[in-house]
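The sequence and model come next.

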Amino acid sequence: MSAERHSLVGQRTPSALAGTRTRQPAVRVSDDVLLNAARKCVLAVGVRRTTLAEIARTAKVSRMTLYRRFPDVRSVLAALMTREFGELLRRASAEGSDAPTARERLVVIASAGVSALSTDQLFRTLLDVDPELVLPYIVARFGQTQQFAEQVLRSLLEAGHADGSVRVADLMTQARSILLIVQSYAFSLRPATTDVDETALLAEFSHILDASLRP
């Protein structure tokens with residue numbers, strides 16, 4: 001055997017698996033990337049015409065990447081609405097931070113929430129293009145966003161009971177009643193303001209809440 005052949009035999013040939021041990025793991029696509037793509041699709045064609053395939057194309061990921069995170073369109077949209085409306089409610093909650101009493105904070109936050117929801121692009125698309133998808137959250141069950149809103153209301157009402165600015169009543173019943181008032185305005189504000197000034201209507205909404213909660 002020649003010296004050259006001895007040299008080749010002495011060298012180790014890399015195995016097919018060797019490269020995989022040092023290969024960098026694939027970058028995980030964040031949920032926000034997928035939900036942002038879903039939002040674009042919904043705004044473009046509505047909920048019923050949005051598909052997982054179209055969301056994947058918009059997000060520039062494979063369908064399998066999307067399937068591993070969300071098994072169907074409903075799960076994507078549920079996550080999207082929870083994110084969007086939850087963030088909207090958190091922004092509204094910041095509006096009342098300077099109010100001197102819990103009751104006043106609640107009134108400011110509720111009014112800001114109604115105003116923000118009524119003009120939110122995603123919320124408007126749902127009501128305009130796919131209103132039947134919103135109906136179950138009015139007549140059949142409460143969604144995660146409604147539950148989150150009710151938690152915010154309960155916290156404010158409890159603080160109002162403590163500082164004396166809110167009439168003491170059963171906390172759960174009081175919070176649920178306020179939630180029903182708030183969501184009725186949120187769902188109906190736009191058609192209700194076709195012949196009534198929106199600023200005046202929201203002022204009356206604030207007065208109704210304030211009057212109902214005063215001790």
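## Fold

The protein has 13 helices and zero strands. Helices (H or I, at least four residues) and strands (E, at least two) are DSSP runs, numbered from the N terminus. Along the sequence the pattern reads α-α-α-α-α-α-α-α-α-α-α-α-α. Of the 215 residues, 38% count as buried (under 20% relative accessible area, with exposed over 50% and partly exposed in between; 1.4 Å probe, protein chains only).

This is a predicted model: local features need pLDDT of at least 70, side-chain atom pairs count only at pLDDT 80 or more, and totals for chains, interfaces and linings use all residues. Residues are numbered from 1 along each chain as its sequence is written, and side-chain values use heavy atoms, without hydrogens and water.

## Largest pocket

The largest pocket holds about 970 Å³ of space. Its lining has 41 residues; closest to the centre are Met81, Phe85, Tyr137, Thr145 and Gln146. A pocket here is an open set of points on a 1 Å grid over the protein atoms alone, where a 1.4 Å probe fits, with protein on both sides within 12 Å along at least five of seven lines; lining residues have an atom within 4 Å of a point.

Helices supplying at least two lining residues each include H7 (102-119), H11 (144-163) and H12 (171-192). H6 gives the most, with 13 residues. The lining divides into 30 nonpolar, eight polar and three charged residues.

## Around Val139

Val139 sits in helix H10 (residues 136-139). Val139 counts as exposed because its relative accessibility is 62%.

Technical notes. Grid points are joined across faces, edges and corners, and a volume is the space filled by probe spheres set on the points. Ala, Val, Leu, Ile, Met, Phe, Trp, Tyr, Cys and Pro count as nonpolar, Asp, Glu, Lys and Arg as charged, and the others, Gly among them, as polar.
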